[in-house]
Amino acid sequence: MNLDAAMAAAIEQSGRVKGRTYPNPPVGAVILDRDGEIAGVGATTPPGGPHAEVVALRRAGEKAAGGTAVVTLEPCNHHGRTPPCVDALLDAGVAEVAFAVSDPNPVAAGGAARLAEAGVRVSAGVLADAVAGGPLREWLHKQRTGMPHVTWKFATSVDGRSAAADGSSKWITGDAARADVHRRRASAEAIIVGTGTVFADDPALTARLPDGTLADHQPLRVVVGMREISPDATVLNDDSRTMVIRTRDPHEVIKALSDRTDVLVEGGPTLAGAFLRAGVIDRILAYVAPILLGGPIGAVDDVGVLTIAQAQRWRFDGMQQVGPDVLLSLTRP
């Protein structure tokens, strides 16, 4: 197996634990034996547990000696809740370590240099774009900015409507798109909606599996606005924790969630407009259905644009078909 294929397997491992490792990054690792065959795979466990490299090394056992460790993030070189992953790799006798992106945290960085000094071959930048734009996207953003990565997620008809003229919106998109949303919820740390959405839709804001049961990981549910919501609102049930923030200021909301890494905004057009005007959205995920609705209810209200020259400019980051619908990913240029 070549390094790219092994890294793709490591990325898959990291995606499986995304949302469950905070404050540690969701890292994936693959150990190849001397013959280039997979001997062990692993991903970072919840805080206090072993990191991805250690999990993969334990599964590989003696086959790790003389082999290659392929990791999505540069192995850590500091002693936190667990010993440095560099120590585990050196003790296992690996001959080569390949990683995708360098650790931006100065406390944990330096693993590559220490491995090289010990005579281990080190390869950096393997599928770096796939990792930086994939499972580590939000964590890397948090390391750069100190603030959570905020994604606005919405569903719309091809003519940009989030509901029909009578207000009905279930369901604009198909089963596959809704399943994808629940998968993303299960990897997020918080979901934000406004009080208007709670009054209109009474959402649960939970992450569910295809069979309808609750996913193992549930994000914090955040309700924003000045109005009191009913104590019987579904969002206040025991399926997950809920935070109610009495403000209309998006900056105050993000500040209240500053200890989080991956935050979703799922509110209606008013809330979306406010967050876009405030400039706190880092990514847009638009699920576009091949239907026409017309009518007055758009996906977003005022974003502070009066002329075409003032238009908010975004960059296409990806596009994929999800069932009959299309998912567009946009980031700031």
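"Buried" here means under 20% relative accessible area, with exposed set at over 50% and partly exposed in between (1.4 Å probe, protein chains only).

A word on ground rules. This is a predicted model, where local features need pLDDT of at least 70, side-chain atom pairs count only at pLDDT 80 or more, and totals for chains, interfaces and linings use all residues. Residues are numbered from 1 along each chain as its sequence is written, and side-chain values use heavy atoms, leaving out hydrogens and water. Helices (H or I, at least four residues) and strands (E, at least two) are DSSP runs numbered from the N terminus, and two strands pair if DSSP finds at least two bridges between them.

Five strands make an open, mixed sheet in the order 2-1-3-4-5. Strand 2 (38-43) and strand 5 (121-124) sit at the edges with a single partner strand each, so one side of each has no neighbour in the sheet. From one strand to the next, the twist averages 15 degrees.

| Strands | Sense | Bridges | A facing pair |
|---|---|---|---|
| 1 and 3 | antiparallel | four | leucine 32 and threonine 68 |
| 3 and 4 | parallel | five | alanine 69 and valine 97 |
| 4 and 5 | parallel | four | alanine 98 and serine 123 |

To get from strand 3 to strand 4, the chain goes through helix 3 (residues 85-92) in a right-handed β-α-β crossover; right-handed means that, with the strands pointing away from the viewer, the path from the first strand over the helix to the second runs clockwise.

**The helices around it**

Helix 2 (residues 52-60) packs on the sheet, touching strand 1 (28-32), strand 2 and strand 3 (68-73), where contact means heavy atoms within 4.5 Å. The direction of helix 2 makes about 145 degrees with that of strand 2; axes are lines fitted to C-alpha atoms, for helices over the stretch in contact, and angles run from 0 to 180 degrees between N-to-C directions.

What covers the buried residues of helix 1? Strand 1, strand 2, strand 3, strand 4 and helix 5 (128-132) are among the elements that do. Those buried residues are Ala6, Met7, Ala9, Ala10, Ile11, Gln13, Ser14 and Val17. Just after helix 1, glycine 19 takes a positive phi of about 95 degrees.
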